[in-house]
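Visitor: I would like a close look at a single part of this structure, please, with the terms spelled out as you go.

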Amino acid sequence: MTIRVQEDDFDLTRIYSELREAPTGQHTPGAISLFVGLVRDMNNNHTVAAMTLEHYPGMTETRLTAIRDAAMTRWPLGKAIIIHRVGKLYPNDQIVLVGATSSHRQAATEATAFMMDYLKTEAPFWKSEQTADGVTEWVSTRESDMTARTRWQETK
Amino acid sequence: MNIRYFAWLREHIGASSEDITYDQTVKTVSDLVDILRQQSTGHQKALADMTLVRVAVNQVYVDIDHPVTAHDEVAFFPPVTGG
């Protein structure tokens with residue numbers, strides 16, 4: 001399963017083993033790139049006690065699949081995977097995993113960054129943060145996320 | 001027509017989804033927004049500034065002038081903040 005949206009946590013060791021194996025009919029990879037996003041305990045100078053992730057079932061999977069497919073087309077990848085959690089999460093919990101394998105490191109690392117940048121700006125997820133005093137607030141978008149995505153349109 | 005709301009738009013409106021009877025005068029997302037704003041003060045608040053709102057028709061991102069028809073699923077939500 002290359003696209004997963006789930007409440008449950010994910011096991012990095014298991015995913016790594018899956019990525020390490022050769023894709024059907026292909027050579028074994030020379031490089032694995034993995035990015036894992038975690039819940040911070042601080043954001044904009046306030047303590048984060050918990051976080052709730054909402055999403056748009058159906059559209060989320062469609063967008064993530066399109067992002068993964070775009071990466072597979074742009075770089076010579078063996079495998080590419082995106083896992084995103086939803087529901088209630090706590091500081092230090094894993095939120096997201098993006099991984100890619102290739103013969104060489106550059107394609108794997110670039111594809112990972114590409115998928116993450118597009119996920120951040122296109123996949124319909126919304127975070128709300130709960131502070132220690134019980135105040136809940138929707139997280140606002142960052143200009144830097146949009147800038148990060150735009151770089152992929154300028155290069156290559 | 002099925003309308004979906006997410007995040008703070010859902011909170012203002014007090015519902016994650018609603019079915020509305022298709023009105024023949026509604027040709028675009030923009031026309032639909034005008035109709036929806038009249039539903040309640042919550043709708044009005046949620047859809048007051050469309051520069052803060054993203055729109056998807058049948059789960060595909062569209063602009064405000066995109067056409068809508070009777071059987072479309074139209075979703076309104078804030079810019080995304082996942083990852």
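Predicted model: local features only at pLDDT ≥ 70, side-chain atom pairs only at ≥ 80, totals over all residues.

Guide: Residues are numbered from 1 along each chain as its sequence is written, and chains are lettered from A and ligands numbered from 1 in the order in which they are written. Helix 2 of chain A covers residues 59–74, and its end C-alpha atoms lie 22 Å apart, in agreement with the 22 Å that its 16 residues should span at 1.5 Å a residue (1.5 Å times one less than the number of residues); helices (H or I, at least four residues) and strands (E, at least two) are DSSP runs, numbered from the N terminus. The buried residues of this helix are A:Met59, A:Thr60, A:Arg63, A:Leu64, A:Ile67, A:Arg68 and A:Ala71, where buried means that 20 or more other C-beta atoms, placed from the backbone, lie within 10 Å of the residue's own. Seen down the axis of helix 2 of chain A, the buried residues fall within an arc of 165 degrees, so they line one face of the helix, the arc being that of the directions from the axis to the C-beta atoms. Chain A as a whole has four helices and 10 strands, and buried residues make up 34% of its 156 residues. Towards chain B, 22 residues of chain A are in contact with 13 residues of chain B, contact meaning C-beta atoms, placed from the backbone, within 7 Å. Helix 2 is among the elements that give two or more residues to this side of chain A, together with strand 5, helix 3 and strand 9, and the largest share, five residues, comes from helix 3 of chain A.

Note on methods. Buried ≥ 20, exposed ≤ 12 C-beta atoms within 10 Å, placed from the backbone. Contact = placed C-beta atoms within 7 Å.
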